[in-house]
Every structure is written in structure tokens, then in C-alpha cells.
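Here is a short briefing for a first look at a protein model. Please keep the sequence and the 3D view open while reading.

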Amino acid sequence: MKVHELSFYSKFQCAMGSCPNTCCQGWQIVLDHDTVQKYMEKKGRQGLWLRSSLTSHNGAILFRGKRRKCPFLSKDLLCKIQLSLGEEYLSDVCRIFPRQRINYGYFAEESLFLACPQVCRLFLNNLDHLCYKTTDRNVSYAKSGTNDDAEYLQELVEIRLALTEQIMNHPLPRPMLYTGLLSYAKALQQSYIANYAPSDGSKSSYFSKPVHTDLAAHIREADTPFIIPHDITYAMLTGSFYHIFLKMVSPFLYSLCRTYQKEFKWLTSAKGDAKLSVLLEQLHVHHPNTERILRGYLTYYLLEKFLTVYEDYSFLHNIATGIMHTHLLELFFALYHEKNHRLTDDDIIRIITVYNRRGRHNDEIEMEMYEKLKRFLDAPAGKRP
Ligand code: SF4
């Protein structure tokens, strides 16, 4: 089978005991059915040891950890299950993280989540190689999803390639580029839906070719920058994204959120917009390299997530969500720089890791943030706040 493998996929190595931000704390691990079954069947004291650490919530089986710290994390930051019972007793998510592996039937894709600091470091070191390379081998994981339209899937791969090339290389300022990307996403979505035409039943012709697929033209026609205003940003960062318990489970992110709230809470829309603009400008004056990192972040987002439109056809949602995350990450870079007068690679890695764990790996939080952005996107351009 053809496998699209992220260019640095094979270079990933877990830092284990020396990880600066272990994935064994800060979030709850939902156990898969087979692992729970294995724990139930394990005999003797080890079985008791495993089962006594399980709890359930809303029908899901989880590890019972204090402050979302895995109960099997040793003082040396190693996994006690792996040490005493071996990898076969790890849950699927523990064994696979931070890898993402998706089998689309016609090919598979393998990438890495930026919620792991080791992956973030690889990402920073490979900004010129954010792409997939194709290999030919068997994969053990099953096909996911229900779509089987090979032609549409191949079109998506080509569209993604064009998008990522433009994002990394187009000379337009990023907010202008965003306008072009969003206009392109809307046109693509309308075009695919308008051309929906079940035909003679052949699997490859569910859609006739969309008519508005000239990405370069949409970017060329962008005439106003797309800037997410203060009001929307504030709403996104003070909903479920922020919670008092962050103080315990992710103190670093909590402190960034508190800094943000102290600076922006009482500002009017106009003053908030002005402050946001100055803050971001200062970031880019002092750290011009962050521009490439942010373009890389959006590119990476599309490498990881763009093919979800294979199932849901939501081009606008997909691309706007990537822009939203890039905007919030840029804001956190800027806040950190303003407060600490520095932004090293290690700082950037730390910020991306904690942001992704909170904003990207929690569907409810991500959807709630996107709903705020959607209200802004849906408003006629002249009536936007
Ligand atoms: S966050 Fe990454 S490097 Fe750290 S323990 Fe987890 S997988 Fe290993």
C-alpha cells in the first residue's frame, strides 16, 4: 500500500525520562476496549494493581489520576506499566502517541502530533521540509471513514499540496493570504456542493470537476487582510479553553492565559484591536523568524487535518480552524515575548506543546472556539465587529 509519511516521521524518538513536558500528565487517557479487557483478565497482584487504577466517566474507562497525572508515571517520569509488564500492556493511545496513522483505503498517511515537545523540535528543524514522502509497504491499521471516492481523494491531496506551497512561499503578508485562502475555501465548498451529481453509479464520478479551484486567483484578488478581532479572540480564550483547573494541570498555559486576561479584559473593542496589533508587531520586530514558524504551523495543520474534508466536505471550517489556531498561537508567542523579553526555540516548543494539548486535542473546546469565529465569518464584511 502507498503510505504518505511525514518527511521526519521516522526521526521521532520519545525523550522518556528526560521529556520536558511528558504526555503522561495534563490530560485524561481514555482506554480502548481491548486494553480494558486485558486488564480485566490479568491475574494476580499485577491484575489488581491495573484494575484498581481504573475509573469511568460518561461511559469511558480512564486511568484514575490525581491532577490528571497518570497513576503509572514513576518518579523518574517512566511508565511503570511498560517497565513491569512490557509494551503489550499499554493502551492504544499510549503506544501510538504522538503518531497519527490514518488508512484511507487507497493509501495511508502517517504524521506526528505537535502536542509532543520532541515532535515540535523536529517541526522547527524541518520547516523547509513540511511535506509527505511516499513509500510502499503494508500497514496494520484498518481503513477508517466511509467515503470511497478515489478521484475526490486524489483531488484533495493535490489541493492540499497547492495550499501548503502557497502558505509557505507566497510573498503576501499572512493576513492577506488568509483572505485568499478563506475565499478559496468558500468557493471550493460551494463548487463541490453545487456540482454534486450522483450519476450512473460509478464510484469515481460523484462529483463533476469543481469550477472554482484556482487558488492563485483567489489569493491575487485578496484586497483586505483577514484579522481576527479582539472581541472574538477574547471570547475564544475565555470560554472552555480557559479553566481554573489549568493552574494545576498546565500551569504554564494557565499563566499565559492569565497574562492575556489581565492585559485585555477591560479593553473596548477598538482598544483591544489596537493593543493586539501592537503586540503582534512587536513580536515580529524582535523575532522575525516567527513568521516562518507560523506559516509552518498552518501548513502542518493542513498536512494533519485537511483530509478530514474527505468525509465532511467542510473546506471553510477546515481552513478557518487552521487560521484560528495559528492566530492564537501567534498571540501566545507575543504575550510570552512581551513578558519575558525573549522567545527561544525551547520557549516556542513549550508554547506549541501546551497550546496543542488544550486547543487541538479536545474536540469540544476546538468546536466552541470555532463557533465564535464562525459568527464573525458569517457576518457580512461591512458588519463585522
Ligand atoms: S511527550 Fe513525547 S517525548 Fe515526552 S514522553 Fe510523551 S511521547 Fe515521549
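Predicted model: local features only at pLDDT ≥ 70, side-chain atom pairs only at ≥ 80, totals over all residues.

Residues are numbered from 1 along each chain as its sequence is written, and side-chain values use heavy atoms, with hydrogens and water left out.

**Domains**

- The domain assignment gives domain 1 (24-96) and domain 2 (144-384); such bounds come from an automatic or database assignment.
- The centres of domain 1 and domain 2, taken over C-alpha atoms, are 34 Å apart.
- Their contact takes 5 residues from domain 1 and 5 residues from domain 2. Contact means heavy atoms within 4.5 Å.
- About 480 Å² is buried between domain 1 and domain 2, and carbon and sulfur atoms give 70% of it. Buried area is the accessible area (1.4 Å probe) that two parts lose on being put together, summed over both.
- W27, R67 and R68 supply 79% of the area that domain 1 buries against domain 2, more than any other three residues.

**Nonpolar core**

- The largest nonpolar core has 113 residues. A nonpolar core is a set of buried Ala, Val, Leu, Ile, Met, Phe, Trp, Tyr and Cys residues joined through side-chain atoms within 4.5 Å.
- Helix α15 (residues 315-340) gives the largest share of this core, 14 residues. Helices (H or I, at least four residues) and strands (E, at least two) are DSSP runs, numbered from the N terminus.
- Domain 1 and domain 2 each contribute at least three residues to this core.
- F123, F306, F332, F333 and L373 have the most contacts inside the core.
- Leaving aside neighbours within four places in sequence, F333 is in contact with L283, T290, I293, L294, L343, I348, I351 and I352.

**A buried threonine**

- T299 lies in helix α13 (residues 290-305).
- T299 counts as buried because its relative accessibility is 0%. Buried means under 20% relative accessible area, exposed over 50%, and partly exposed in between (1.4 Å probe, protein chains only).
- Beyond neighbours within four places in sequence, T299 is in contact with L130, T164, I167 and M168.

**Salt bridges**

- The whole structure holds 18 salt bridges. A salt bridge is a side-chain nitrogen of Lys or Arg within 4 Å of a carboxyl oxygen of Asp or Glu.
- R160 and E109 meet through their side chains in a salt bridge (2.6 Å, N to O). R160 is in helix α6 (residues 150-169) and E109 in strand β5 (residues 107-112), 51 residues apart.
- R160 is buried, with a relative accessible area of 4%, and E109 is buried at 4% relative accessibility.
- R137 forms a salt bridge with E110, with the closest N and O atoms 2.8 Å apart. R137 lies in the loop between β6 (132-136) and α6 and E110 in strand β5, so the pair ties together parts 27 residues apart in sequence.
- R137 is partly exposed at 29% relative accessibility, whereas E110 is buried at 4%.
- E330 pairs with R174 in a salt bridge, the closest N and O atoms being 2.9 Å apart. E330 is in helix α15 and R174 in helix α7 (residues 174-194), 156 residues apart.
- Both E330 and R174 are buried.
- Salt bridges that share partners join E5, E110, K133 and R137 into one network.
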